[in-house]
Amino acid sequence: MSSPWVRGFGRLRTWSCHGWTPALIAVVQPDAGALLPAATAMTVLEIGFALIALRSGDWALRADAAVALLTTRIARDRFPLGLYAITHERWWETTTRPPHQPDLALWELWLRHRELLSSRTAYAAVPMVWRPVSAVPASEGEPWISAAEAAAESLRWLCHQHVGPDSTRHRELWTTARIVTAMTAMLRAESSCVTGEFDYALRNRLHAAELYAAAGLEGNAAAARCLAADLLLFDLQRPEEARHELERVADTPNPPRAVACLALVLKAAAGDRDAGRAAARMMPLALRSAKGLFDELPTWLPFGSHLHQEIAFVRLVEQRFAGIAGTLGPGRPAQARARSMYSTFPDRHEMPGAHDLRQALQHARELLESGSPAARGIAEDVATVARSIGDLPGEAQARRLLARLAETERRWPDLTAELLAVVDLVERLRERVSDGDTRIDLDLTAACAQLIELIVDGRAPRLTPADALELAERSRSRLLLEVFGSSVSPELPRQLARLQERERRMEQGRVRGGVLPRPGRPSSAQMDIHPAHQRRYRAAREAVWAELEASGPLGAAYARHRRGAPATHGELRAVLPPGAVLCELVRRGPRMLALVVRADRPAPVAFAVPLDEDPDLLPLPSPDGPARWGDPLRPLLRAVAEHAAPGETLWLVPDGLLHGLPLHAVEVDGVPLGERNPLCVTPSASLLRHRLGRDRESGVRRALIMADPGGDLPHARAEAHLVGALLPQAEVHTGGSATRSRLLERPGGEPYDVLHLACHYGIDHAEPSGSALRLADGRLTVEDFLPVRLDGSLVVVSGCETGGQQYRRGNELIGLTRALLHAGARAVVVSQWAVNDVSTALLMAGFYRELGRGRPVGAALSEARGGVRRMSFRDAVAQCERLRNLSENRQIAVRLGHDLAQLRLRAGDTAGALEEIRSLLPDTGHGCEEHRALTDLKRQVRFQHGRLSADYALPAFASPFFWAPFTLVGDWR
């Protein structure tokens, strides 16, 4: 596509042997003076071309192609600056760029595309049919990506025009379009890695892998998947997803040796030591080990590098292997401990900025392990360079390394400063990411916990306990808080209505998949591979928020709310009612840090409690277990209880797996903590602004009760009828009328005050959104609750393990409770293990009896637990008989009688149990399920007859297994 004079100049260079011919003639024939200026000019030009080629690494660089690009429609459309400005800004600055910056210039990208794909069908027509893509906004940071995407769009446009009658040529054209799009996606992924937009980097690499595979470039597809796995492992710490991608690489027939070795190294980093030993046997890699990859498509895939392609790829594999070599032990092959010749000259073959920094950081870590003082200087240099090029991930890693050095040298002020810098950098990274799952991976927990420990130990004099509380909130369920902020919009005064309306329209930049993030699952969001869109929406939204903040306190509070900013100590103290105590627990190694907030104290109380045993290993209560449970947690909860008088509500924000333990069952001052102090938990104290900030209306007006949809839970059905009798305006649906459609349709506009569900619950630990309640007309999954609105409701899910959750970083708890809170429930009561039918029915009867008397939810549940714990066998049998004798329970009287006989057997009354069974057997038919169950129980009773002595005064449900399975999450009032 060059002009005739440019092509003529290129031919002249070829004929003159790139300047050597006139130079030799001028030397051999000194009398030919006319040749001397021409020889000098040609020599200077060739030296310039050689320097540019050496500087850029593109040995096939051609001056005529560069000039041709500057005069095409493409350059004029993307850079309407004039020829001189284009030449200066997009050519000269590129060739004189600093060594640590990758070459991202439009002209070089276009030259690569042209060089690689000039033989492809219709590629030469792109400059003529150039179609700028308005849907992909250009930005100063990546005009080259926008132009390359427009080139791919031009090819796709040609494909849709069905150019040429030959279907083979049409398929070749589609292949070319896929390749160009894939190359652009790989370059976009590299840019997103440097800026910290890891969600876009991952999507682009996976998108490129699919396109390469569709184009028949299996080696490049495997390399793209390896790089996606590399991102999942080292930047997002998602080993399960990385293994999934590497399994797909393993299916590639005969991958290039370097790609196969990289896949093995990544498997080793994900925990497969056998793969690491296999990779060690392949080391060191020969330079030609990447030849197959670049023979298939000769471009540098991972980084758009301006350096030698094969060396750069092989060096990447070697760097990753060096990172996992220590896990293989001293027995790895000798050749794996050797370094290849080209890896000893890093300055000769530099890599682009972000990956140079990672290499330097790895070297600094090795020096730190060996005790060398040089590690600090390298880390500081990396932090400075990363900050200068806007590489937030690189700067954050350097700051973490500097924090480790400061901790080792006991420089506490420096450690505090570095950790605060890490927190700030991760916060900025989170703002750049729109995918909910990736935001979870950008975790602040470790840095915040260490800072809180420094504050508690008095080693951070500039920080106060109030700062410690705010740091704790910055690491607690931030994604859920951000989702709440974006979904709940408080009303503003009329003068701010215009700004509020503008802000509400900017939904494109919101967090996606924040309620039930599903790692590794494709969604519509995965089709968004252009980070420029998100940047534009984010900038516009930030501009509106800045205007709101400048408008006054109301606007500033609204902006903080919509951002999902964590609550400050002042905000929490202002909304904390009298008689309630907030306590945040933060795990830090073998110690638990506690932060206690009261409305009548000006500052939080911070203290640390050593843990003699790991609470994560504490087993749940069992039916035959002792009456006292949780002794390893007693010192912690005793220290917490000292800040709350008996009867005051204790609002706990646990840490990690403590969310799944019945903390209310731990004994304090001779009674369970939940009886001394009504207790509730929340994943974050900042949720108080959304779910606890409003006064609870007194009384229960409407209730919806659904139970025993399958007909196999007699006590759940009896429980439903009993609860319905205790509450006014209660709709009770059992059996076939307990349907998901009835719950989801919600006839009538007034919300229910109480929603009670007593049914089976199937928990899916791997995919929490697929966990489901079993109702009469099908499964009601956790995901089905997302569109349901439960404003003002107390939701009680009386079933087995209804509080089971997936524990993600940053105390993001994914499960039914999270979905119900998002749906608007102000309080949720769920179970932590498989519950006993009889004790659960009695517990719920006591709970709703207290609730009907006007008691707060927390106090009602506390009283009900205590009643069941202290209940004797005599009282339990009497209550079960009353349940069986209700007219609504006649159809299930036999099943209730079976459980009553079991209760008599547990009391040691074998004669009473046999008499109960004999009275029930005539009412059952031979061969039916009820008859078989009674017959089996009869055999057990006869076996125990004469060995037990009846004692109905003993407590029937002394073990916490019976009375402590249910936890209150949310509003305790």
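I began with N254, which is exposed at a relative accessible area of 77% (exposed means over 50%, buried under 20%, partly exposed in between, with a 1.4 Å probe and protein chains only). I located N254 in the loop between α12 (239-250) and α13 (257-269); helices are DSSP runs of H or I with at least four residues, strands are runs of E with at least two, and both are numbered from the N terminus. Phi of N254 is near 50°, a positive value in a residue other than glycine. Most residues other than glycine have a negative phi, and most peptide bonds are trans.

I noted the basis of the entries: this is a predicted model, in which local features need pLDDT of at least 70 and side-chain atom pairs count only at pLDDT 80 or more, while totals for chains, interfaces and linings use all residues. Residues are numbered from 1 along each chain as its sequence is written, and side-chain values use heavy atoms, with hydrogens and water left out.

I then checked confidence. The mean pLDDT (the predictor's confidence in each residue, from 0 to 100) of the protein chain is 80, and 77% of its residues reach 70 or more. Over residues 522-526 the pLDDT is below 50.

I looked up a cis peptide bond, which joins M283 and P284 with omega of about -10°. P284 sits in the loop between α14 (273-282) and α15 (291-296).

I turned to the hairpin of β15 and β16, which has three residues between the strands. Strand β15 (residues 805-808) runs antiparallel to strand β16 (residues 812-815), and four bridges join them; pairing requires at least two bridges found by DSSP. Q805 stands opposite G815 in β16. In the turn, G810 has a positive phi of about 65°. N811, in the loop between β15 and β16, also has a positive phi, about 55°, although it is not a glycine. N811 counts as buried at 5% relative accessibility.

I next examined A641 in helix α30 (residues 634-641). A641 is buried, with a relative accessible area of 3%. Leaving out residues up to four places away in sequence, A641 touches V668, L673 and R676 (contact means heavy atoms within 4.5 Å). The C-alpha atoms of A641 and L673 are 8.0 Å apart, at a separation of 32 residues in sequence.

Among the contacting residues are F873 and V877 of α38 and L896 and L900 of α39.
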